[in-house]
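Work through the exercises below with the structure open. Each task is followed by its solution.

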Amino acid sequence: MNPHDEAFHTPGIPAVLKDREFNRFSGFIYDEVGIKMPAAKKTMLEARLQKRLKALGMRTFEEYAEHVFSGAEKSSELIHLIDVVTTNKTDFFREPAHFDFLVKSALPALVEAREAGYRSPLKIWSAGCSSGEEPYTLTMVLSEFMASNPGFRVSILATDISTAVLEKAKNAIYTEDRVDPIPLQMKKKYLLRSRDKSKGLVRVAPHLRSLVQFRRLNFMEDFGMREQMEIIFCRNVIIYFDKPTQERLLNKFCRQLVPGGYLFLGHSETLSGLNVPLTPVASTVYRKL
């Protein structure tokens with residue numbers, strides 16, 4: 001008897017993800033959300049799925065696979081499965097040059113060309129917003145811009161596939177170390193400290209939270225948006241997709257952008273080899289043709 005065989009799993013010993021189940025899960029994840037999981041990610045996937053086994057009181061991956069693929073549980077369990085396999089690394093003011101370009105170049109150009117922000121609220125989409133640091137950074141930067149440009153208005157949509165991080169984003173509560181990158185003057189203006197200082201927690205001010213609408217969205221599905229966006233931030237997201245999926249997704253983003261609108265990607269992401277109607281205007285910043 002093989003002690004690692006799932007059919008004879010010994011209590012107390014972590015379950016082992018066999019190639020058969022790994023292939024089923026990786027194929028399912030790719031089909032549903034576009035994330036490619038090569039064989040090198042097997043150990044990582046095994047470790048992360050252990051959380052679902054524990055939460056469901058299951059002892060083997062075979063049992064969990066039957067739960068996921070049974071049909072009745074497929075749609076509800078997908079949300080939890082994606083929560084444990086997606087990476088949600090983010091920071092306030094991550095890649096700060098992007099926010100400088102936004103204020104000094106993108107916003108003035110959109111105001112001049114379209115009266116964006118005056119004729120109607122400027123629409124920005126934080127796509128893959130994780131726990132909220134990016135959209136709340138945008139609210140701070142844009143609040144400063146609005147203070148210098150009376151009458152300018154903005155609306156921010158923030159989406160992610162993970163329900164767990166969206167709940168954190170909506171709550172807008174962060175530890176003090178998480179808000180270290182925020183300039184001191186902005187901290188004083190836009191963050192509220194917990195009454196119990198020993199907790200070391202802060203919360204984004206209500207008037208900033210009111211600028212952001214959070215929504216769960218799977219990029220592989222129809223976006224379901226009526227209005228086009230002037231600006232889309234989708235940073236450090238497409239690196240998890242293969243080239244064909246990247247091209248399809250970026251073209252979907254372009255259809256959601258107004259002519260002359262801007263797309264911000266992550267510092268390690270590139271459009272090289274992709275057929276998309278975008279032209280570079282700054283480092284990892286693109287404008288729709």
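The model is predicted. Start with an arginine: R178 has a relative accessibility of 27%.

**Exercise 1.** Decide whether R178 is buried, partly exposed or exposed.

Solution. Buried means under 20% and exposed over 50%. R178 has 27% relative accessibility, so R178 counts as partly exposed.

**Exercise 2.** Find which side chain meets R178 in a salt bridge, and where the two residues lie.

Solution. Step one: the partner is D91, with 3.4 Å from N to O. Step two: D91 sits in the loop between α4 (74-85) and α5 (97-114), while R178 sits in the loop between β3 (173-175) and α8 (184-190). The two are 87 residues apart, and the pair links distant parts of the chain. Step three: D91, at 22% relative accessibility, is partly exposed.

**Exercise 3.** Describe the salt bridge between R114 and E230 and state whether each residue is buried or partly exposed.

Solution. Step one: the N to O distance is 3.8 Å. Step two: R114 belongs to helix α5 and E230 to strand β7 (residues 229-233), 116 residues apart. Step three: R114 has 31% relative accessibility and counts as partly exposed. E230 has 4%, under the 20% cut-off, so E230 counts as buried.

**Exercise 4.** Classify both partners of the salt bridge between K187 and D180.

Solution. Step one: the closest N and O atoms are 4.0 Å apart. Step two: K187 is partly exposed at 23%, whereas D180 is exposed at 51%. Elsewhere, salt bridges with shared partners join R20, E21 and E62 into one network.

**Exercise 5.** How many salt bridges does a search of the whole structure find?

Solution. The search finds 14.

Note on methods: Residues numbered from 1 in each chain as written. Predicted model: local features only at pLDDT ≥ 70, side-chain atom pairs only at ≥ 80, totals over all residues. Heavy atoms only, no water. Helix = DSSP H or I, 4+ residues; strand = E, 2+ residues; numbered from the N terminus. Buried < 20%, exposed > 50% of the residue type's maximum accessible area, 1.4 Å probe, protein only.
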